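The following paragraphs go through a single chain and its two ligands. Please keep the sequence and the model in view while reading.

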Amino acid sequence: MSNADQKLTILPPGHPLEGRVSPPGSKSITNRALLLAGLAKGTSRLTGALKSDDTRYMADALRAMGVTISEPDDTTFVVTGTGKLLPPEKPLFLGNAGTATRFLTAAAALVDGTVVVDGDQHMRKRPIAPLVTALRALGVTVEAETGCPPVTVSGSGDFGADRVTIDAGLSSQYVSALLMAAAGGTRPVNIELAGEEIGARGYIDLTVAAMHAFGAEVSQVSPSIWQVAPTGYRATDYVIEPDASAATYLWAAEVLTGGSIDLGVAATSFSQPDAKSYEVIARFPHMPAIIDGSQMQDAVPTLAVLAAFNETPVRFTGLANLRVKECDRVRALSTGLSNIRPGLGIEEGDDLLVASDPKLAGQTLPADIDTFADHRIAMSFALAGLKINGITILDPGCVAKTYPRYWDELASLGVDFEGDRP
Ligand SMILES: O=C(O)C1=C[C@@H](OP(=O)(O)O)[C@@H](O)[C@H](O)C1
Ligand SMILES: C=C(OP(=O)(O)O)C(=O)O
């Protein structure tokens, strides 16, 4: 049986979930730190890091470009760069890791030679044209025939212009990618947003913070313009905080079962955007009638499944760019919810309406949840299985993208399954 054919049925525990589970390291911060450490000259020690598909793709791509990376334990990368990335012999295969794909596309401009950035069939549908256009404006030769990967970057090791405008409506990762690459050039670069529209701005803040930690000088000269100095990066030791998006499943499992899960980290201590969702989760079963997901996008699947059990219906807004994530998440959520009960999740334009019903808890409503190979769809619908009998997650192994131990952690809290845990 191939992984994609696997199934896992969650057996509602019938008791509050209690215990201690620490979320893994942040995917977003790990992949920023790996890249910046790889661009630096010298050895950086990254601790508290995430080891998962997305970070493995990033680490392996850097190795293919001449960076030495060792992994002394489950949460540490020791990265030694030469200050220069080399042309890889083969295309870089980055699976469905958006961060690795977008960040390395821009960083490839710093390579003197050709880099092909590619991913799996899902990544080959995720848009990258705005980043390609911006890199061309910076004097880099880039081809992406379909507007999605594969992307061929023929860099000269530098940028040929000192300002660029980027349309980040589809993904903030384009901005982060340009910011991180820009410090590796030989002149200051101004990066300007084409419009006000941008996904969670908090991800840009994460990028700027990581750049500062690795010695770069980047300043925000206006709400939509950043200036990056050509400092390059300095190797450093860097502690990566736990993943806020992973934490959302544990917070939701706690309130949904009336339990007490010790994450070992306070919700207020995260610097990642998804931590904002804690305020909404803590209000369960009285979540707000309207939730704007635009500044906590990766938490929306968690919130939407939790909302199914809320006292009153919830409308989710600000979801346009959820349609170009690992899958069309608005569609996957409406499909999965309405598979549990017709009409439970409805799309209205890009909004998602969840027809909440606390009486769902305790019912038997057999539903095979199509995860569309999306880790967040798998992890969020597992929450429904804590309360409803018969929830089966298809392709449960897809959680390996960012949270390989997810099913083991639920088991450690006393959740039983039918089917083998991947
Ligand atoms: O910069 C980052 O680390 C991320 C930015 C967000 O993507 P978009 O900017 O594409 O919305 C988020 O969904 C993704 O999981 C991680
Ligand atoms: C959107 C996500 O990932 P990425 O864009 O990094 O592939 C995510 O992890 O929810």
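For sorting residues by class, Ala, Val, Leu, Ile, Met, Phe, Trp, Tyr, Cys and Pro count as nonpolar, Asp, Glu, Lys and Arg as charged, and the others, Gly among them, as polar. By this scheme the shell around ligand 2 has 1 nonpolar, 4 polar and 4 charged residues. The model is predicted: local features need pLDDT of at least 70 and side-chain atom pairs count only at pLDDT 80 or more, while totals for chains, interfaces and linings use all residues. Residues are numbered from 1 along each chain as its sequence is written, and chains are lettered from A and ligands numbered from 1 in the order in which they are written.

The chain has 12 helices and 22 strands (DSSP runs numbered from the N terminus, H or I of at least four residues for helices and E of at least two for strands). Its radius of gyration is 21 Å, close to the 22 Å that the globule rule gives for 422 residues, so the chain is as compact as a globular protein of that length. The radius is taken over C-alpha atoms, and the rule is 2.2 Å times the number of residues to the power 0.38. Along the principal axes, the C-alpha atoms fill a box of roughly 60 × 45 × 40 Å. Of the 422 residues, 52% count as buried, a term that requires 20 or more other C-beta atoms within 10 Å of the residue's own, with C-beta atoms placed from the backbone; 12 or fewer makes a residue exposed, and anything in between partly exposed.

An automatic or database domain assignment divides the chain into domain 1 (3-23 + 242-418) and domain 2 (27-239). Their C-alpha centres lie 30 Å apart. Across the boundary, 18 residues of domain 1 are in contact with 18 residues of domain 2, contact being C-beta atoms, placed from the backbone, within 7 Å. The side of domain 1 that touches domain 2 divides into 8 nonpolar, 7 polar and 3 charged residues.

Where does ligand 1 lie? Both domains give residues to the shell around ligand 1, so it lies between them. Residues surrounding ligand 1 include Ser28, Gln173, Tyr203, Gln297 and Asn321, the criterion being a C-beta atom, placed from the backbone, within 6 Å. Helix H3 (98-107) and helix H5 (173-182) are the elements that give two or more residues to this shell. By class it has 1 nonpolar, 10 polar and 1 charged residues.

Ligand 2 also lies between the domains, because both give residues to its shell. Among the residues around ligand 2 are Asn96, Lys325, Glu326, Arg376 and Thr402. Gly98, Thr99 and Asp298 are listed around ligand 1 and also around ligand 2.

Strand E5 (residues 76-82) has a covered face, Phe77, Val79 and Gly81, and an uncovered one, Thr76, Val78, Thr80 and Thr82. In a regular strand the side chains alternate between the two faces of the sheet. Strand E3 (residues 41-47) runs antiparallel to E5 and is joined to it by 6 bridges; two strands pair if DSSP finds at least two bridges between them. Here Lys41 stands opposite Thr82. Strand E4 (residues 68-73) is also antiparallel to E5, with 4 bridges, and Thr68 stands opposite Thr80. E4 and E5 form a hairpin with 2 residues between them.

Ser380 lies in helix H11 (residues 375-384). Is Ser380 buried or exposed? Ser380 is buried, because 28 other C-beta atoms lie within 10 Å. Not counting residues up to four places away in sequence, Ser380 touches Tyr249, Pro301, Thr302, Ala304 and Val305.

Note on methods: Two residues are in contact if their C-beta atoms, placed from the backbone, lie within 7 Å.
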